[in-house]
Amino acid sequence: MRSARPLGLLLSCAAVVLWAFGVTVLQPLTEPIGPWSERLPGNNTYWARDLRFMAIMAVALGLVLAGRGLRHWSRTAVVLGGLWVAADLAIDRVDPIGVQATVLLAVGGCAVLGVLTVALVGWERGLPPAVDRKVVTGAACVAGVLTIVAAGIESPTDREPELNQGALATATLLVVLTVAAALAAAPARSGPRVGLAAGLTVAALLGVGLVRSVPPESRLLPEMALGAVLLTGVTLLAWDWPGGRPSWRHHALAALAALAGPVAFLLVTALPMLVLLPIGATFTALAGNSPISSADSDLLVSLCGLLSGLGMALLLAWPTTDNRPVVRTTGR
C-alpha cells in the first residue's frame, strides 16, 4: 500500500499529540493527593498513565506501519517505545501542566519522529519497496487488542468527562491503526478489501462508542464483541483469498479465537502482575506518584494489552503466505 508510510507517520504524530495531552492535562487529574496523605488512591486511579502508555505504543505501531514491517523500522520502533516510556516517567516526576507544556512536548516528540524517519529512509535508499506481511499483520493484532483495553478503561469514579474523551480518542486512533495495518498487510489492494476496510472502521468505531456508553460492570460482552469484529476483520483484510474470495472456514476459526482470545490473554497476563510482579507499583514509584492502597491493586492494563496483543499476533499473523519480506513491484 503506497499510503502506508505517510499514513503510519501521520498516525504516529497523532499519537504523540495524544501522549502530550495525557501528560499535561489528564495525568494531573489523577493526582489529587500527595504522598503525605493517609488516604491512598485505589484501583484504576492512574488511568491517564495507561492511556498515555497506549499512545506511546501507537507511536511505535505507526512506525512499524510506515516501515511496512521491515526489520530496521520495526526494531527502531521497539527501542523508541522503550525509551519513550522511560522519558515519560521522568517527565511525570516534573508534573508539567498547561498549554505551553503540551505544545512543547508534542513538537519535541514529532521532531524526534522526523529525525528518525529521515535516518530510516536514508538507510533503505536504493532498496526495492517491500513489506513483511506477518509483522504488519501482527502490528494490526496488537493495535486491535489495545483498542479493547482503551475502550474499556476505568477510573475509581468513572465520572470524569476527561476519562471518556481520552478513552474515545485513544481507541479511535488505535482502530484506524488496526485497519490501516491490516490493509497494508494484504497481498493486493482491491475494491472489495478497501470497502471491507471502510466498513470495519465504521463498525469498530460504533463498537467503541457502545463500550463507553454502558457502565463498567456491563462492558465485558460489548468488549468481546468489539474484539471479535475487529480482529476477525484483520484476518479478512490481511490473509490471502484463495480463488479471489476468503476461506470462510478459516476465518470462522479466527473469529472464535478473536472472540475468546483477547479476554483469555488479558486474564493470563494480569494475574501474575497482581500476585507476583508489582510492575504497576514500580512504575508508580518511579514516576513519584502516590502508591495504591494495600487493599487495592496497581495494575498496568496497558502492558497487559500489549502482551495480549502479541499473543493474538502469534495466533492470527501466521496464516500469511510468506515469512520473508515480499517485494512489491506494482500496486503498493
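Helices α2 (47-66), α5 (133-151) and α6 (161-184) each put at least two residues into the lining of the largest cavity. Helices here are DSSP runs of H or I with at least four residues, numbered from the N terminus. The model is a predicted one, so local features need pLDDT of at least 70 and side-chain atom pairs count only at pLDDT 80 or more, while totals for chains, interfaces and linings use all residues. Residues are numbered from 1 along each chain as its sequence is written, and side-chain values use heavy atoms, with hydrogens and water left out.

As for the cavity itself, the structure has one of 30 Å³ or more, and the space in the largest cavity comes to about 40 Å³. A cavity, in these terms, is a set of points on a 1 Å grid over the protein atoms alone where a 1.4 Å probe fits but cannot get out, and lining residues have an atom within 4 Å of a point. Points are joined across faces, edges and corners, and the volume is the space filled by probe spheres set on them. The lining consists of L61, V64, L65, V136, A139, A143, L177 and A181. That makes eight nonpolar residues, no polar and no charged, with Ala, Val, Leu, Ile, Met, Phe, Trp, Tyr, Cys and Pro counted as nonpolar, Asp, Glu, Lys and Arg as charged, and the others, Gly among them, as polar.

Two of these helices, α2 and α5, turn up again as packing partners of the buried residues of α11, along with α8 (220-238) and α9 (248-275). Helix α11 (residues 301-316) has 16 residues and spans 22 Å from first C-alpha to last, close to the 22 Å expected at 1.5 Å a residue (1.5 Å times one less than the number of residues). Its buried residues are S302, C304, G305, S308, G309, G311, M312, A313 and L316. Over in α8 sits T235, which counts as buried because its relative accessibility is 1% (buried means under 20% relative accessible area, exposed over 50%, partly exposed in between, with a 1.4 Å probe and protein chains only). Beyond neighbours within four places in sequence, T235 touches H251, A254 and L316, contact meaning heavy atoms within 4.5 Å.

On confidence, pLDDT (the predictor's confidence in each residue, from 0 to 100) averages 90 for the protein, and 92% of the residues score at least 70. Residues 322-332 fall below 50, though this stretch has 30 contacts in the model beyond near neighbours in sequence. Where pLDDT is low, the predicted coordinates should not be read in detail.

Conventions: On a 1 Å grid over the protein atoms alone, a cavity is a set of points where a 1.4 Å probe fits but cannot get out, and a pocket is an open set with protein on both sides within 12 Å along at least five of seven lines; lining residues have an atom within 4 Å of a point.
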